[in-house]
Amino acid sequence: MSIRYIEETGQLILETRSTSYQMKIDSLGYLNHLYYGPKVETTDMSYPYRIYDHGFSGNPYDMRNNRAFSLDSMPQEYTSFGVGDFRVSSIAASCSDGSRCAEFRYEKHEIIDGKYSIPGLPSVYDSGAVAQTLIVTLIDNAANIRIKLYYGVFESLDIITRAAEISNAGYEIVWLRKASSMCLELPFGKWDMIHFHGRHCMERQPERVPLFHGIHTLSSGRGMSSHQHNPFVILCDHEATEDSGTCYGMMLMYSGNHKTEIELDQFDSTRVVMGLSDDRFRWELAPNTSLHTPEVILTCADGLTELSHRYHRVIRNNVVRGAYKLSHRPVLINNWEAMYFDLNEEKLLALADKAASLGIELFVLDDGWFKNRVDDNAALGDWVPDEKKLPNGLDSLIEKINAKGMKFGLWVEPEMVSEDSDLYRAHPDWALTAPNRAPMMARNQLVLDLSRQEVHEYIFNTLSDLLSKYNITYIKWDFNRPLSDVYSRSTPSPRQGEVAHRYYLSLYKIYERLTEKFPNVLFEGCAGGGGRFDAGMLHYAPQIWCSDNTDPISRLTIQYGTSFGYPMSSVGAHVSATPNHQTGRLTPLSTRGIVAMSGAFGYELDLLKLSDGELAEIKEQVARFKEIEPIVHNGLFYRLSSMQESGHYFAWQFVSPEKDRSLVNIVVTNPLANSTPIHVRLKGLDPDALYSVDGEFECSGSALMKAGYTFTRLTGDYPALQVDIKQVK
Ligand code: DGJ
């Protein structure tokens, strides 16, 4: 049993293989947080808390003679609001009588087998790993708000999930103003925060800073999980490294506006509140209705590598779904960087022809294939093939590509509309725009109001028709601007604060309906590259275009940062042209190949411009990837260098689940004259096994891990190497 209730003490205990989580219902019914961390035996974890008058911290009325009892210093599972806990709160609301306070106390709990799911939202599912669910119900009878706290415990995966359901238990409307998924208290310890910030073309750059007193906010109000702040954060010991040190991971499974607040308070206690952003949020909670929050995926691991392994495992096995979950992902060629909008059937077929001859399996037709789409100023919304560019029709193009032995994939940006489109001319009110205000334009396009049922149906039907009519096995689902002017013409004005979240409920439902109807289609998420790279999207799209920056040297930091939370099978990565279109940098084809082969692999360049030598090299890369894909996608990933420390190179390693094969990769970003050799300690091998190292020499796993491996000297511009290590005994 991974969840237990000890009645005498009021303890609720969650246990995974190597972690313990404890909470306690106290004598007044407050649900106190006691502990989350490395596994402890069944001890009542209230012993570290010394209860004394904290000074200038108020006391609940029931405890007015006990100045030591204060919500302002008590660690809690989910906070009250407006009643004397002055730290960041999990929830805020305006109650029907106008009051803005509530104090939640325990009502009941239940423990059930299996993992709960969340109506309308993506969540981690139970797939062979036996999970249990705890639901603790809290209530405030004056505010008439009931909260159900959900805990999913995946014992063997060392994962705990959390979510909340907030409901109106009264007879009048309650206006919710903040609805977080969880509050996690770390009352003791000093922590570094690692977060993943960025921008377009430079997503998920890791930054590690020690927490200081105050509130650190990581959030996105852009209507997308964003290039700027990924909804994932790690708190770790100051001394934590890849290999050791307590590390907490918190990942929100949501693609819209999110917020994480981390407060280091006056008593050196740390509180993390994570969930929907409260920026412009206001939700009408009618009597007997509830709002479900998105899910947080939590783990506590010894070292950053172990933390990443747990996220990789749970995302691969219990988040991603469908036919491509763990199976071969076709090596693709995407025509975008090869021709942008300047495409036609002849050029596409010539590219497909070359690609097929190199063993590439999937041809992806990117932006520009539909009528009037001559550039990015027009036509979004009118998903009809352009007869000028494709005079024989899309069907005929697909047939010809299929005849070359390749599958066909198509780019769409279904959530958007151009002003210059038939769709907008027919339904200007379908776009998100505020009354009497010219909207912000981005890429000269507007966002469709997915919260409207007609728009929901239009998008579903459009995609469903495309997928039914044509032989399409892959969809690249793009999203190229943030949400602004968020106002829905079909929502009454007091409820406009719901639209941004309703947008995502509708989007998830479209994805759900489509993946159900077309189970064999591979969806790749995209948002101007990796602007919506999150666990919510990965529930529907097993891979996400990681960045519009295809420069392998920029990709090193982008993929390094992404690897902390997300498996490499989810990282869309392509070999592109040199000089690179985003940075102008020149890099060897072998380096581009090694970097792209560490993800969901493909090509995105004009193969017709390449020499015979380059084409031959690509042919080898394609064959190589097909052979190593199971290790790259389903093996264990190790970061061998740290962005902060190694300086002039990046090294990383894949190890097969059986430990019988490993690939060690290095890219030297700044070869130094007469430099010291680059030496790394390998990881994850079987210490007792004998390995052949690139066929060069044989060596034990223990030697490679303890004494390490020295790379041959690499010179030139951005050289790279992939060392193949195979078990021989
Ligand atoms: C942004 C994407 O990230 C690119 O890969 C490409 O599909 C363009 N949009 C097309 O407009």
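Okay, ground rules. What you see is a predicted model, where local features need pLDDT of at least 70, side-chain atom pairs count only at pLDDT 80 or more, and totals for chains, interfaces and linings use all residues. Residues are numbered from 1 along each chain as its sequence is written, and side-chain values use heavy atoms, with hydrogens and water left out.

Let's start with the barrel. Eight strands close up in the order β21-β22-β23-β26-β27-β28-β29-β30, and the pairing is parallel. From one strand to the next, the twist averages 30 degrees. On terms: helices (H or I, at least four residues) and strands (E, at least two) are DSSP runs numbered from the N terminus, and two strands pair if DSSP finds at least two bridges between them. Axes are lines fitted to C-alpha atoms, for helices over the stretch in contact, with angles from 0 to 180 degrees between N-to-C directions.

Now the helices. Helix α4 (393–403) lies across β22 (362–365) and β23 (407–412), at about 140 degrees to β23; contact here means heavy atoms within 4.5 Å. Helix α10 (589–596) also packs on the sheet, where it touches β29 (571–576) and β30 (600–604), and its direction makes about 170 degrees with that of β29.

Two backbone details in the loops. Thr578 and Pro579 are joined by a cis peptide bond, omega about -5 degrees, and Pro579 sits in the loop between β29 and α10. In the loop between β22 and α4 we find Asn372, with a positive phi near 70 degrees in a residue other than glycine.

On to the ligand. So who surrounds it? There are 13 residues around the ligand, and the closest are Asp366, Asp367, Lys476, Asp478 and Asp548; the cut-off is a heavy atom within 4 Å. That shell divides into six charged residues, four nonpolar and three polar. For the classes, Asp, Glu, Lys and Arg count as charged, Ala, Val, Leu, Ile, Met, Phe, Trp, Tyr, Cys and Pro as nonpolar, and the others, Gly among them, as polar.

For individual distances, a polar side-chain atom of Lys476 lies 2.7 Å from a ligand oxygen, and one of Arg443 lies 2.8 Å from a ligand oxygen. On the nitrogen side, an N or O atom in the Asp478 side chain is 2.7 Å from a nitrogen atom of the ligand. The protein covers 97% of the 290 Å² of accessible area that the ligand has on its own, by Shrake-Rupley with a 1.4 Å probe.

Last stop, the other sheet. This one is open, with six strands ordered β31-β32-β33-β38-β35-β36 and antiparallel pairing. β31 (636–639) and β36 (697–700) are at the edges with a single partner strand each, so one side of each has no neighbour in the sheet. Strands β33 (661–668) and β38 (720–727) pair antiparallel over seven bridges, and Leu663 stands opposite Asp724 in β38.

Technical notes: Polar contact = N/O pair within 3.5 Å; in protein donor to acceptor, adjacent residues only side chain to side chain.
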